Amino acid sequence: MSVVGWKTDVPSLHAATTDIARSSVGSQRGPGFGGTPIKIGHEATLAFDRVPTYRHDVTCSDTSIRQEVAVQVQFWGTRGSIPRPGPTTIRYGGNTLCHGIRTARGTLVIIDCGTGLHGLGLKLLSGGRGLAGHILISHTHWDHIQGVPFFAPFFVPGNKWDIYGPKGLNQSLRDTLAGQMQHTYFPITPDEFGASIRYHDLLEGTFEIDDIKVTTQYLNHPALTLGYRLEADGATIVYCCDHEPFSRDVAEGHREFFGLDQQHADFIEGADLLIHDAQYTAAEYPSKVGWGHSSTEFVVKLAQHTKVKHVVLTHHDPLRTDEALDGIVEKLRDGLKANHSTVLVSAATEGEAIEVKSSSALASRSSREDFSAMTSVKPALSHRSVLIKVADVELATALGEAVIAEGLRANFCSNADTARKLIEQDPPALAIIDHAIAHDNETAVLELLRSTKGGKLPVVMVAAREHEEKGVTDWLTTPFTDSYARTKIRAWVLRESCRWIRAPIPEDEPARLTSLRALDLLDTEPEERFDRITRVATALFNVPMATITLVDERRQWFKSCQGTAGREDSRDASFCAHVISNREPMIVVDTLSDERFADNPLVLGGPRIRFYAGYPLTLDDGSCIGTLCLLDTRPHTLKELDLEQLRDLALIVMEQFQTLKVERAQRSRQV
Ligand SMILES: [Zn+2]
Ligand SMILES: [Zn+2]
């Protein structure tokens, strides 16, 4: 094993802590910046020094691999729970979790902000490189965020950083991060950072950071936690901290992967590098069930199951010594060798750099691949309820309190009849049901839940042990902590809030957008020639709302709107986006019984759309740019004749578009 030399060039945490706290308040600058100009911009590259590259016996010694290197990953903190510096952790490191990832093009992503972030921040500044970057936070437990107040680049005016983390139900990511910097705990607040920082609340789905495609998926931990799958330069890196297997049987190796553990595996599938929580050994795990972490043995089995090339165990237990980690890795490697496995395994080492070459990695099989992780689901989150059917009074009360603490309504039912009524009056986002009840004499409740929302209502079953069962989406195994219950409730409600189906992007999208922009109608004032058409439409079809909608890259924008507030919505939630995608009229008689729209934020929140009818608006070059649409807050039908009349009105709108074009052309000729 080669020597890791980083300790010589990273000043002590204590010294810089004091410096940052003192100097930043007065000068808005962090320590040691002097007058060094800092360049900003995506083109600017950030290098972690190459010096501390630690070559695994099994990874980086092959020169042919090094020639194809694409993405560099460096470990700045590897310890879980609490920093543990000292003689027993000197090789694997005592700082809590932090990782730097740099693509060949220079895009920098930092994952998690434990105390390791401090050293990384100083290294970035000492390199004098441009300081714009992106930070992904898995969850907001201390060991993943405690470095934030000490990240020197945040103190440099002009720097630009983006921070991403799991969306909460009641609190934004920014507010949560600011919590640890309240006056009682820290001398400065995030408002005093010199850098401009943008915060992004994430759901399960995908998004892009420059040249990196990021996919997110919830992990199993007593705080809402996202795993990250990063694909760039043909290489795939997956990060899963903190995570405990969903099933205890799977965790202990008594069963093959199934259910949510298989979903976790699908998310990881084929990664070139997997960095995974492995705080415990299999022998320690039984006394740590429910603490939200994995065993080293489980993680290696997972890596084999998902055909990962190299798995790095991390989130080392604070009490784990360097010698103990050596022994664990050696034993795991022996086991893999005996199985003729090609999976490489190592334990994350502070200062270590791993270069991940491009490969023909399998694509993720995440079920949310098509959903933007940054979709706004705010309207869908209002007025949500959870249906509870649990016999044990103490348990039911605890669950009710957990639901209310998440800002949701708890509806308790005693039998199938009351459940049916509650589902009708207050459609739940989630049902929690007791295992014993469902099976003793009231299977009717489970049957009812299975058929609710076309079988798509998530059902969490409370039981002492989970197993495969039809109609059950997830398990809450007893005894559980309040944090576990709240996290599970939050994850399922958030999932439900983005379950509606987004319209596919039309094949001619670039040309369509060009034609739309050439019309020069977006963001213009309302015009009587269009408003009179929507007025006639509301009267003719006896609906409260009608709009002339244009769909651009990110939004639907209303040239004319009768009966609606606001002039635009996100394209993700847009009904009209379906029309322009199919280029055909679309009628939704009752949104609540249509799987594509039942959970749409415009259905669950304002304007609470129950009925939609849209007719495509096309230009003379064939581009479908928007719709003339009718909306109602009650279900509605549209007869054949009605549709013909809607088409007639749509044709008038299209004629107006043509007239506009001609008018513009005449005006430009006169000029
Ligand atoms: Zn942790
Ligand atoms: Zn944690």
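Which strands does helix 11 (residues 393-405) lie across? Helix 11 lies across strand 15, strand 16, strand 17 and strand 18 (459-463). Its direction is at about 150° to strand 16. The model behind these values is predicted.

## Overall make-up

The chain has 671 residues, and 48% of them count as buried. Its secondary structure comes to 20 helices and 25 strands. Among contacts with a separation of 6 or more, 70% join residues 24 or more positions apart.

Five strands form an open sheet here, in the order 16-15-17-18-19. The pairing is parallel. Strand 16 (409-412) and strand 19 (474-477) are the edge strands, and each pairs on one side only. On average, neighbouring strands of this sheet are turned by 25° against each other, direction ignored.

One pairing can be followed down to residues. Strand 15 (residues 385-389) runs parallel to its partner, strand 17 (residues 428-434), and the two share 5 bridges. Within that pairing, L387 has A431 of strand 17 as its bridge partner.

## Helix 11 against helix 15

The crossing is right-handed.

Which residues meet where helix 11 contacts helix 15? Helix 11 supplies A398, L399, A402, V403 and A405. Helix 15 supplies D482, A485, R486 and I489. By class, this contact has 7 nonpolar, no polar and 2 charged residues.

## Helix 12 against helix 14

On the helix 12 side, the contact uses A416, A419 and R420. On the helix 14 side, it uses A444, V445 and L448. The class count is 5 nonpolar, no polar and 1 charged residues.

Another open sheet has 7 strands, in the order 7-8-9-10-11-12-13. Its pairing is mixed. The edges are strand 7 (205-209) and strand 13 (344-347), each pairing on one side only. Neighbouring strands of this sheet are turned by 20° against each other on average, direction ignored.

In what sense do strand 7 and strand 8 (residues 212-218) pair, parallel or antiparallel? They pair in the antiparallel sense, over 5 bridges. E208 has K213 of strand 8 as its bridge partner.

A helix covers part of this sheet too. Helix 8 (residues 296-305) lies across strand 11 (273-277), strand 12 (310-314) and strand 13. Its direction is at about 160° to strand 12.

## Helix 3 and the residue after

How many of the 11 residues of helix 3 (residues 116-126) are buried? The count is 10, and the helix is mostly covered. The buried residues are G116, L117, H118, G119, L120, G121, L122, K123, L124 and L125. Among them are the charged residue K123 and the glycines G116, G119 and G121. After helix 3 comes G128, with a positive phi near 65°.

## T176 in helix 5

T176 sits in helix 5 (residues 173-179). Is T176 buried or partly exposed? T176 counts as partly exposed, because it has 18 C-beta neighbours inside 10 Å. A buried residue needs 20 or more.

T176 touches T140, G168 and Q171, leaving aside residues up to four places away in sequence. T140 lies 36 residues from T176 in sequence. In space the two are 7.4 Å apart, C-alpha to C-alpha.

Technical notes:
Residues numbered from 1 in each chain as written. Chains lettered and ligands numbered in written order. Predicted model: local features only at pLDDT ≥ 70, side-chain atom pairs only at ≥ 80, totals over all residues. Contact = placed C-beta atoms within 7 Å. Helix = DSSP H or I, 4+ residues; strand = E, 2+ residues; numbered from the N terminus. Buried ≥ 20, exposed ≤ 12 C-beta atoms within 10 Å, placed from the backbone. Pairing = 2+ DSSP bridges. Axes fitted to C-alpha atoms, helices over the stretch in contact; angles between N-to-C directions. Left-handed = near helix turned anticlockwise from the far one by under 90°.
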